[in-house]
Amino acid sequence: MSLQLGDLVPDFTADTTEGTISFHQWLGQSWGVLFSHPKDFTPVCTTELGEVARLKPEFDKRGVKVIGLSVDPLSDHEKWSGDIAETQGHALNFPLIADPDRKVANLYGAIHPNASDTLTVRSVYVIGPDKKLKLSITYPASTGRNFEEILRVIDSLQLTAQHSVATPVNWKDGDDVIIVPSLSDEDARKRFPAGWKTVKPYLRVVAQPRT
Ligand code: BEZ
């Protein structure tokens with residue numbers, strides 16, 4: 001059975017470019033993003049890791065720890081890090097897990113045998129402070145991910161974890177949101193005293209709450 005939303009994510013101990021970590025302990029009370037890479041010294045992965053290094057301050061701002069995973073040994077990760085810094089202009093500033101025996105990749109279901117027996121797909125796991133899986137996205141090896149989209153999704157996850165709202169199509173931070181259908185108008189009046197716009201009884205639009 002693959003990892004599903006709401007599941008407690010598997011714990012593990014692994015070597016990384018920042019030393020040995022116990023995953024749950026490393027996460028602490030933070031949000032986390034674990035993202036898998038098919039292989040070291042591959043072009044798309046090189047661009048992705050440089051981009052996440054560039055965006056690291058944005059993850060930090062949201063209280064999110066990021067960690068990469070690639071099914072190669074630490075010695076390769078260390079050599080590859082130099083290429084990433086040289087070609088992308090951003091050096092790794094977060095840990096990259098060495099997973100030569102695919103222990104972590106298998107725990108997270110990041111090897112999809114009908115795509116490849118040996119390489120991981122490009123999976124992203126967003127983990128909440130309760131260590132439960134809040135979101136997973138999987139791309140094939142040939143398609144690089146959009147990490148601005150991952151930040152957008154984290155904004156939605158963090159907002160909707162705190163308020164009785166959901167975010168509509170293409171929402172981005174600052175846009176109006178939707179009052180969850182499970183909240184009655186009576187309860188909504190207490191939570192959103194400035195009011196909202198009822199488009200349909202099930203579609204109530206309100207300004208994004210600010211904490
Ligand atoms: C890449 O990262 O460029 C890549 C890795 C595996 C297959 C295809 C592309």
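A quick word on ground rules. Residues are numbered from 1 along each chain as its sequence is written. Because the model is predicted, local features need pLDDT of at least 70 and side-chain atom pairs count only at pLDDT 80 or more, while totals for chains, interfaces and linings use all residues.

Let's start with the overall picture. The C-alpha atoms of the protein chain fill a box of roughly 60 × 40 × 30 Å along the principal axes. The chain holds six helices and 11 strands; these are DSSP runs, with helices being H or I of at least four residues and strands E of at least two, numbered from the N terminus. Of its 211 residues, 45% count as buried, meaning under 20% relative accessible area with a 1.4 Å probe, protein chains only.

Now to the sheet. Four strands form an open sheet in the order E8-E9-E11-E10, with antiparallel pairing; two strands pair if DSSP finds at least two bridges between them. At the edges sit E8 (165-166) and E10 (197-200), each pairing on one side only. E8 is joined to E9 (residues 177-179) by two bridges, and Ala166 has Ile178 in E9 as its bridge partner.

So what lines the largest pocket? Among the lining residues are Asp155, His163, Asp173, Arg210 and Thr211. A pocket here is an open set of points on a 1 Å grid over the protein atoms alone, where a 1.4 Å probe fits, with protein on both sides within 12 Å along at least five of seven lines; lining residues have an atom within 4 Å of a point. Thanks, everyone!

How values were computed. Heavy atoms only, no water. Buried < 20%, exposed > 50% of the residue type's maximum accessible area, 1.4 Å probe, protein only.
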